[in-house]
Amino acid sequence: IKDLTGKSLAVQAGTDGKGIILQLGGNAENPEGYQLKVTSDQVVISGPTEAGVFYGIQTLRKSIPVAQGVDIALPAVEINDYPRFSYRGAHLDVSRHFFDKEFIKKQMDALAYYKLNRLHLHLTDAAGWRIEIKKYPRLTEFAAWREFPTWKEWWNNGRRYEEEGSKDAHGGYYTQDDIRELVAYAQERFITVIPEIEMPAHSEEVLTAYPELSCTHEPYKQADFCVGNEKTFEFLENVLTEVMELFPSEYIHIGGDEAGKASWPTCKLCQARMKKEGLKDVNELQSYLIHRIEVFLNAHGRKLLGWDEILEGGLAPNATVMSWRGEGGGIEAAKQKHDVIMSPNTYLYFDYYQSKDVEQEPEAIGGYLPLERVYSYEPMPASLTPEEQKYIKGVQANLWTEYIPTFSQVEYMELPRMAALADIQWTNPEHKDYQDFLQRLVRMVKIYDCLLYTSPSPRDKRQS
């Protein structure tokens with residue numbers, strides 16, 4: 001509030017006194033719900049949990065006039081509010097371009113402002129491995145670094161990796177202490193950080209650092225792990241053990257998307273695995289890996305989350321599906337009584353262009369996703385029965401960063417579309433009104449300038 005107005009307001013716990021009163025308790029319909037009541041001398045925010053009180057504070061932040069030095073006046077009002085979905089997520093790809101921990105904190109501040117409670121970090125992909133794993137130092141000594149600063153240059157020029165510290169090395173990674181710091185920062189804002197460790201595909205960086213985990217045992221040859229090799233499962237389980245020690249998240253995301261599977265039909269180890277397990281095709285071989293990793297995660301009290309390709313070959317018994325190729329995967333999973341996070345690219349891929357006049361926009365991966373279309377999304381498919389709709393647990397927007405190398409461009413692509421995302425996640429459809437949303441957005445843009453939007457860093461200026 002001081003950032004918006006230049007004034008500090010008294011905040012206290014309890015029921016007496018003037019100013020802002022924070023209370024635990026009340027009759028909210030949801031553990032994340034809250035009540036905000038404004039009288040002549042008090043603003044009382046109450047909720048059944050600390051998270052509910054926190055979300056009430058965010059509503060108050062949005063209600064304060066954005067003007068320095070003016071008196072603060074609020075109308076007498078009583079608000080009773082709670083979210084529609086328990087999972088309210090945003091995804092950031094830090095593999096294609098690495099963003100340091102201070103910027104990730106800035107992202108968490110934005111999520112908290114919009115009452116989002118999940119940050120999905122895409123930590124590993126061909127463009128760079130971004131998390132320290134003590135048991136496999138080559139992942140950060142080598143697989144976290146590449147020849148060119150931008151993904152596009154790297155992709156078009158041989159896709160080579162570099163030793164850390166060499167003159168051509170570009171990239172970075174989070175140490176385990178960095179991760180602990182980020183997790184703690186998130187918890188203070190009631191955000192759960194969900195790590196994604198890609199498998200079996202998108203793993204060129206791993207298979208160049210540890211080629212014995214590929215079917216050919218040759219670096220720079222493959223993107224898919226060798227599923228027939230027991231060393232693959234030893235590696236994945238060791239990595240996931242360290243990941244679980246760092247992230248308390250119930251969900252561990254394992255990717256599972258876009259596997260080429262090109263080497264599996266001719267790999268002796270993969271074929272032997274298929275024969276031994278009675279698998280009829282390579283889709284079932286991928287499903288074998290997903291099932292086996294799920295058993296491992298479940299044994300450690302965690303749940304497997306994956307992109308909708310994990311449906312191929314048979315869905316693991318307790319898996320949650322993140323539906324990105326439209327809604328079809330989510331609908332199929334819900335019909336099979338599996339939990340679903342809706343994340344369709346047609347509505348929620350924030351790396352898509354915001355305008356049809358692409359010449360005036362920063363280069364993007366393609367697509368067209370204006371603010372109005374984001375706002376129009378309804379996550380509950382009408383084709384599902386009310387009982388099946390109960391498996392739709394939440395909504396997430398994704399930001400892939402192939403063409404997004406700078407801090408300011410990340411925020412340009414997210415905002416104000418993140419505001420529309422928040423309304424989808426929080427508000428029942430009968431209460432949504434796009435014209436009303438646009439009126440509120442005018443004020444939110446002023447708040448971005450005060451609280452959220454970063455000025456271009458030297459890195460941004462160098463790459464713009």
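Between which two helices does the loop that holds P416 lie? The loop lies between α15 (407-414) and α16. A cis peptide bond joins L415 and P416 there, with omega of about 10°. This report covers that bond and other features of a predicted model.

## Overall form

The protein chain has 464 residues, of which 56% count as buried. Its elements are 18 helices and 17 strands. Taken along the principal axes, the C-alpha atoms fill a box of roughly 75 × 55 × 45 Å.

The radius of gyration of the protein chain is 23 Å.

Helix α3 covers residues 101-113, which makes 13 residues. From its first C-alpha to its last, α3 reaches 19 Å, close to the 18 Å expected at 1.5 Å a residue. At the start of α3, a side-chain oxygen of D100 comes to within 3.2 Å of the backbone nitrogen of E102. The buried residues of α3 include F103, I104, M108, L111 and Y113. K105 and Q107 are buried in α3 too.

K115 counts as buried because its relative accessibility is 8%, under the 20% cut-off.

Most residues other than glycine have a negative phi, and most peptide bonds are trans. Against this background, two residues and two peptide bonds can be described.

K115 is not a glycine, yet its phi is positive, at about 65°. F190, also not a glycine, has a positive phi of about 60°. F190 lies in the loop between α6 (176-188) and β12. With a relative accessible area of 27%, F190 is partly exposed, whereas K115 is buried.

The peptide bond from M199 to P200 is cis, with omega near -5°. P200 sits in the loop between β12 (192-199) and α7 (204-209). The bond from L415 to P416 is cis as well.

## The largest pocket

The largest pocket has a volume of about 710 Å³. Its lining consists of 25 residues, and those nearest the centre are D81, K115, D423, T427 and R440. K115 therefore has a positive phi, is buried, and lies among the residues nearest the centre of this pocket.

Four elements, α2 (50-63), β5 (77-81), α16 (417-426) and α17 (434-452), each give at least two residues to the lining. Helix α17 provides the largest share, five residues. By class, the lining of the largest pocket has 10 nonpolar, six polar and nine charged residues.

## The second largest pocket

The second largest pocket has a volume of about 350 Å³. It is lined by 21 residues, and R96, H202, E258, W400 and E402 are the closest to its centre.

Helix α5 (residues 151-156) gives the largest share of this lining, three residues. The lining of the second largest pocket has 11 nonpolar, two polar and eight charged residues.

## The cavity

How many cavities of 30 Å³ or more are there? The count comes to one. The largest cavity has a volume of about 40 Å³. Among the residues that line it are A90, H91, F350, N398 and M418.

The elements that give two or more residues to the lining of the largest cavity are β6 (87-93), β17 (392-399) and α16. Strand β17 gives the most, with three residues. The lining of the largest cavity divides into six nonpolar, two polar and one charged residue. Helix α16 also supplies at least two residues of the lining of the largest pocket.

Key. Residues are numbered from 1 along each chain as its sequence is written. This is a predicted model: local features need pLDDT of at least 70, side-chain atom pairs count only at pLDDT 80 or more; totals for chains, interfaces and linings use all residues. Side-chain values use heavy atoms; hydrogens and water are left out. The expected span of a helix is 1.5 Å times one less than its number of residues. Buried means under 20% relative accessible area, exposed over 50%, partly exposed in between (1.4 Å probe, protein chains only). A polar contact is a pair of N or O atoms within 3.5 Å; within protein, one must be able to donate a hydrogen and the other to accept it, and residues adjacent in sequence count only if both atoms are side-chain atoms. On a 1 Å grid over the protein atoms alone, a cavity is a set of points where a 1.4 Å probe fits but cannot get out, and a pocket is an open set with protein on both sides within 12 Å along at least five of seven lines; lining residues have an atom within 4 Å of a point. Grid points are joined across faces, edges and corners, and a volume is the space filled by probe spheres set on the points. Ala, Val, Leu, Ile, Met, Phe, Trp, Tyr, Cys and Pro count as nonpolar, Asp, Glu, Lys and Arg as charged, and the others, Gly among them, as polar. The radius of gyration is taken over C-alpha atoms; the globule rule is 2.2 Å times the number of residues to the power 0.38.
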